[in-house]
Amino acid sequence: MSFIDLNQIQIYEDQVKDYDILKNIITTHDQEDPFYILDLGIIIKKHQDWIKKMPRVVPYYAIKCNPDPMVIKVLAAMNANFDCASKQEIQEVMELGISPDRIIFANPTKCPSHIKFAKSLGINKMTVDSQLELNKIKKLYPDAKIIIRFRHDNSNLDKSTKLGIKFGCDPDVEANQLIQFTKDLDLTLYGFSFHAGSPCYQINAYVCGIEICKQLITFAKSIGCNDIKLIDIGGGFPGESGYQIDELSRMINDAIKEIDPTIEIISEPGRYYVTSAFTLAGYLHSKRTINEGNNLKHMYYVNCGVYNGFIEELLNLKSRHPISLFNPVSDKKYPSILWGPTCDSYDCIVKDTLLPEFQIGDWLVWSDMGAYTTSLACKFNGFMPPIVHPFIRKSQWEDFCAIIKCDENN
């Protein structure tokens, strides 16, 4: 736990509410820049729930979802593993002293220099979904452990958001061909993986994916590939406030209970860990009211937008509405548009929706802002990404320290 700097974490009494923490930051820092608060207690509890309810499914946290250093440090301290997709993500994890066996290089298409970097560190688990990628690995890293990724989309995602249009071989024909090709190249076929897409609310998608893995293992063994030790069921697990994994865990546990115990089952949760742990606060600095056909419409301008937190709004995947932190609002709502700070007309958080009337000087707050927000933020138009204020409540911190001490002694 030596890599966790207590000076970077604010510890609050248990009774302190999130909104009180937001207000405290605003008043003590006398700021108008947007910021996140990060509840580390949520990260810790999510990890504890996972290993308790799905003890055989080892979580490899997907760095791409949110690479906040404190998230990585807390999970690393709790002996979590990590899903990395690039040299930079590998570096971020390895700097904490994480052993190579706790990392999977889960990008099916890798730059040669990134493969060489992984090899230099002894990170040998990596996914592929094509013959050309296998040829590349044979040339650069013949000792790698190959995990063949097949396409398996959950049906509740829009076509444009399905990972299968970018990654994953056909599970019926091409996967068998890749198994044979891996054998012909004298590479080690280590396992199979799929990713149902993100977010995935279709629980049965994981069960169906696991069944395909079982079939591929049977075929692989029939042609002499006997080194299979891993099934990766991917990510996409929801993480919104109040979401419970009980039903999901029950179905996955049932699906894997007959699998050879020498085969490790892993997953790549990202949203699950961080979505509800982050809350965003933005300052409403400008307002304009226009008349459209004798109807008033309020135009609000805040200092955070699609380029530093709301990329899913830009892609029309979400439409998150804020609340006012300091000022009570009436139940009456008005046609409104909420704009981000840049001079780009695409920088729109919510458009043509009903919102309470806000005033200049309000602080607006959004919950469930941890997934694919900080990781996709940029400095477009000179507006900096919101900073993150990590915190934890006192009893949770004491419990965390007890857990880490226990792990360090084992």
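**Charges, rings and cores**

Guide: In this predicted model, the charged end of lysine 110 sits over the ring of phenylalanine 105, 5.9 Å from the ring centre.

Visitor: And over which ring does the charged end of lysine 87 sit?
Guide: Over that of phenylalanine 117, with 5.2 Å to the centre of the ring.

Visitor: Moving on to ring pairs, how many aromatic pairs does a search of the whole structure find?
Guide: The search gives 14 aromatic pairs. Tyrosine 12 and phenylalanine 391 form an edge-to-face pair, with 5.9 Å from centre to centre and 80° between the planes.

Visitor: Where in the sequence do tyrosine 12 and phenylalanine 391 lie?
Guide: Tyrosine 12 belongs to strand S1 (residues 10–12) and phenylalanine 391 to strand S17 (residues 387–393), so the pair ties together parts that are 379 residues apart in sequence.

Visitor: Are tyrosine 12 and phenylalanine 391 buried or exposed?
Guide: Tyrosine 12 and phenylalanine 391 are both buried.

Visitor: Which residues form an aromatic cluster?
Guide: One such cluster is made up of Trp50, Tyr61, Tyr206, Phe237, Tyr272 and Tyr273.

Visitor: Now the largest nonpolar core: which residues touch the most other members?
Guide: Phe82, Phe192, Ile252 and Trp366 do, in a core of 106 residues. Helix H8 (residues 204–222) supplies the largest share of this core, nine residues. A second, separate core has 13 residues, including Tyr12, Ile25, Ile26 and Ile37.

Visitor: What is phenylalanine 82 in contact with, leaving aside neighbours within four places in sequence?
Guide: Its contacts include Tyr60, Tyr61, Ile63, Ile72 and Leu75, and also Val93 and Arg102.

Visitor: A change of topic: how is strand S6 placed?
Guide: Strand S6 (residues 125–128) is covered on both faces: Lys125 and Thr127 are buried on one side, Met126 and Val128 on the other. In a regular strand, side chains alternate between the two faces of the sheet.

Visitor: What joins S6 to strand S7?
Guide: Four bridges join S6 to S7 (residues 145–149), and the two strands run parallel. Valine 128 stands opposite isoleucine 148 in S7. Together with helix H6 (residues 131–140), S6 and S7 make a right-handed β-α-β unit.

Visitor: Last one: where is proline 55 found?
Guide: Proline 55 is in the loop between helix H2 (40–53) and strand S3 (57–62). Proline 55 is exposed, its relative accessible area being 62%. From proline 55 to tryptophan 363 the C-alpha to C-alpha distance is 42 Å, and the two are 308 residues apart in sequence.

Key
Residues numbered from 1 in each chain as written. Predicted model: local features only at pLDDT ≥ 70, side-chain atom pairs only at ≥ 80, totals over all residues. Heavy atoms only, no water. Phe/Tyr/Trp six-rings, centres within 6.5 Å; stacked < 30°, edge-to-face > 60°. Buried < 20%, exposed > 50% of the residue type's maximum accessible area, 1.4 Å probe, protein only. Lys NZ or Arg CZ within 6 Å of the ring centre and 35° of its normal. Core = buried A, V, L, I, M, F, W, Y, C linked by side-chain atoms within 4.5 Å. Contact = heavy atoms within 4.5 Å. Pairing = 2+ DSSP bridges. Right-handed = clockwise from strand over helix to strand, strands pointing away.
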